[in-house]
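Reader: I would like to learn how to read a few features of a structure. Please show it to me and begin with a term.

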Amino acid sequence: MKHFYLFVLLLQIGWVSCVQKNPPEGSVEDTMDGIVSRFYQEFNKSQLDTIGNDFILHYLSEEEKKVLGSKFWSFKVNVPVTLSLMQDVDQKIAPFWLKEEGFEKTAMEVKNTHSVYEVWQKNYDAGRVDLGINGFDKHRPVYFISVGPQNENDKLEITPVLPAQQHFETMEVSSFTYHDWSGLTLTEVPKELNGQVLLTTIRGRAREAHLVGAFRETDFPSSETRDQILLTWSNDPKNTMDIQWRAASSIDQGMVKYWIKDTQDTSFLNAEKFVMEDRLLQNDRFVHRFTAKLTNLKPGTAYEYQVSHEEHASSATYTFMTSNDSLSPFSFIWTGDVHNAEIWGEMMQKTRVKHPESAFYMAAGDLVNTGLHRDDWDKLFSYSGEVFAHKPFMAVPGNHDNQDGLGAWMYKEMFSYPDNGPSPDMSEMTYAFNYQNSLFLMIDATFPIEKQTEWIEEQLASSEADWKFAMFHFPPYNSIEFYQNIIDEWGPLFDNYHVDMVMSGHFHYYMRSKPLLAGKVVNSPAEGTLYVMSIGTTGKNREMKEAPYAALQFGGEYLYQHVEIDGKSFRYTSYDLEGEVRDSIVINK
């Protein structure tokens, strides 16, 4: 009987221990949603702006602390391990759970070309490892970890649980720690850690529990009145048009009424609604965005349309034009980096007056400063007025739109573009469309370059277009940093299939190359590709040494390019904010 009670006691102790080791219910995301919702109910704007780390820790429930201290990073190990956590020395407040969970600070340091990290360590038995958030600030060099077996003869196996698709490296000099910045590599690794399994992360994870200095307001909140009306294409410009707009979260239904200009026969189409959330946007957290995809339109035809919400009055009347079915002259306007600049918006409104015949607009990325801040997108659309309610706007993401490795998901929710890219994860961010006799390859260069090469070749090989254009954010040729991987991967395709012009931004100055073939200057555009880099916002890098392959280079700002195509004739003109011509070229095939 004595042994029976001892067995029961041990079983109970084991059961209690098991319960304590199980992770708490909930996720970091859900927990943070609840915390932020309570903040909005209990505090005003000025109070939210003064919230600090100590206040947060006193405010949170014990269950919330458990989630935030254990559900940020989880995995399983098959043998006993020593876990080393590298924390940036410039982050003044260490993660609140670190000491509580038994981590001890060592004398070791790890360095990369940007930061110095102190090393915290803890031993774990075989089984589950649970780690907490980086902090309540938004310190971008978030912690990363390395794992080594306590017994050097053990073969370590790591089964990742969270986050998914974990990337493993070897802990050694020249390895990278953030897979949204692979160029940032380790320069100093203590011998005790050398050769361990390095679990990389992304800098964007600093945002997951951001509360200190986190709350923002938009200058252009949504309302029951529809706004941000925008035209795009997700299909053939000859017979389709996508119409998008925004409204407050109280509006649940939207509709488009449209008709051929100067006729009375109207058609109606209900719009698809989706909810867009920016958790830290305190005066407009949720909005509804609507998309209506018009099909079976007549080529070469002017249409008028209005958008409406339930019983609310219809919008003003807007116009659009479908592409001709047969060859005819057309033009388009493109810009480099935008960064939600108010002056860029004013410039776009001027182009509508100066070039009313333009069929559409294009932008080469960095449309906003921070792609995960909806208030930046609100500025972009508000500053540009109603330009894109009349002419389609086609764009590609830049590194500011795809922020800190978290992806350009907000960008993707803003625009309705073709889903004909290399893979589902690149849908609407890398895509192609044809307008009359021209092919436009819209490429998201923030995605892995080599994973798009085959698709680019397929598009070029199957095209019968007279003119071929490629647009992506990072300029292969420039005076600051060559993108050799782009030159090596895509340059031969642009050469072999004779892409006429590559349009980019990123570096804030202007450059148009001489015709290039295999990286060398050739005699005419008939033999090579023109690489153009332009800037739609403020300029910098004004003192760059002019590249030998540059036909023209200068430190401009607030530029746009007007491209006219008439059969096999091409006229390219770059204008500044005052409407002065800064560059031009004519090509005839």
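Author: Contact means heavy atoms within 4.5 Å. This is a predicted model, so local features need pLDDT of at least 70 and side-chain atom pairs count only at pLDDT 80 or more, while totals for chains, interfaces and linings use all residues. Residues are numbered from 1 along each chain as its sequence is written, and side-chain values use heavy atoms, with hydrogens and water left out.

Reader: Which residues is Arg-207 in contact with, leaving aside neighbours within four places in sequence?

Author: Arg-207 contacts Lys-138, Arg-279, Thr-370, Leu-372, His-373, Gln-403, Asp-404 and Leu-406. Arg-207 belongs to the loop between β10 (197-199) and β11 (227-232). Helices (H or I, at least four residues) and strands (E, at least two) are DSSP runs, numbered from the N terminus.

Reader: Is Arg-207 buried or exposed?

Author: Buried means under 20% relative accessible area, exposed over 50%, and partly exposed in between (1.4 Å probe, protein chains only). Arg-207 counts as buried because its relative accessibility is 16%.

Reader: How are strands arranged in the sheet that holds β17?

Author: Two strands pair if DSSP finds at least two bridges between them. Here four strands, in the order β14-β13-β17-β18, form an open sheet with antiparallel pairing. Its edge strands, β14 (266-270) and β18 (318-321), each pair on one side only. Between β17 (residues 302-308) and β18 there are four bridges; Tyr-303 has Phe-320 of β18 as its bridge partner.

Reader: What does Lys-298 touch, not counting residues up to four places away in sequence?

Author: Lys-298, in the loop between β16 (286-294) and β17, touches Lys-238, Ile-260, Tyr-303 and Thr-322. The C-alpha atoms of Lys-298 and Met-321 are 9.5 Å apart, and these residues are 23 residues apart along the chain.

Reader: How is the packing of two helices described?

Author: The angle between their axes and the distance between the axes describe two packed helices. Axes are lines fitted to C-alpha atoms, for helices over the stretch in contact, and angles run from 0 to 180 degrees between N-to-C directions. For α9 (residues 453-461) and α10 (residues 484-496), the angle is about 5° and the axes are 10 Å apart.

Reader: Which residues of α9 and α10 meet?

Author: Thr-453, Ile-456, Glu-457 and Leu-460 of α9 meet Glu-489, Trp-490, Leu-493 and Phe-494 of α10.
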